[in-house]
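Student: Hi! Can you walk me through this one, please?
Tutor: Happy to, take a look.
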Amino acid sequence: MNEDGTAKAGAKAKLGEPVLLRYEGGTKSGVLEVTVTGIEKGSKADVASLGLGDDAKKMTPYYVRATIKNAGKNDLSHAAVDPPSGLLDDGTAARQLLVIGTFATCDSYPKTKKFPPGASYETCAPVFADPGTEVTGAAWTGQGYPDFPPSAGVTWTP
């Protein structure tokens, strides 16, 4: 654990366990409490209307759901807070699905227009697993933690 109570890079948590994380993005910095609340397997029908390429049509969508709370003293309004991403069963990063516009099944847009200390919101990251693999965990990378490999950030597993 860091001096400020936040998790160090490489920390591991269980799904449902809240973790304090440093946030650094643009001109904003603070402390977030992130809880991965669940990982749901979706269906190919969920993403059929998105006009995905042939490779993506073979993959299975998963939804990494989380709660993000501003647990620090700084106002993080308008901060670009990414949700935790998916981890495949072998520990590597799941492919992210970036949706321009609205994807009601799994909305990953940060709800930080007003994000004062104590505020929280639910978020979701849509990710893909190749045939024969599953999304079984989540990772927080970037924004104060190393991007690669995913295990260098903070991970949640069952």
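Tutor: Let's begin with Cys-124, which counts as buried at 2% relative accessibility (buried means under 20% relative accessible area, exposed over 50%, partly exposed in between, with a 1.4 Å probe and protein chains only). Keep in mind that this is a predicted model, where local features need pLDDT of at least 70, side-chain atom pairs count only at pLDDT 80 or more, and totals for chains, interfaces and linings use all residues. Residues are numbered from 1 along each chain as its sequence is written, and side-chain values use heavy atoms, leaving out hydrogens and water.
Student: Which cysteine forms a disulfide with Cys-124?
Tutor: Cys-106 does, with the two sulfur atoms 1.9 Å apart; a disulfide here is a pair of cysteine sulfur atoms within 2.5 Å. Cys-106 sits in the loop between E6 and E7, while Cys-124 is in strand E7, 18 residues apart. Strands are DSSP runs (E, at least two residues), numbered from the N terminus.
Student: Is Cys-106 buried or exposed?
Tutor: Cys-106 is buried, at 2% relative accessible area.
Student: And why is the disulfide left-handed?
Tutor: Because the torsion about the S-S bond of Cys-106 and Cys-124 is about -95 degrees.
Student: New topic: in what order do the five strands of the open sheet come?
Tutor: The order is E2-E3-E4-E7-E6, with antiparallel pairing; two strands pair if DSSP finds at least two bridges between them.
Student: Which strands stand at the edges?
Tutor: Strand E2 (19–25) and strand E6 (95–96) do, each with a single partner strand, so one side of each has no neighbour in the sheet.
Student: How many bridges join E2 and E3?
Tutor: Seven, and E3 covers residues 28–41. Val-19, for example, has Val-34 in E3 as its bridge partner.

Terms used
Helices (H or I, at least four residues) and strands (E, at least two) are DSSP runs, numbered from the N terminus.
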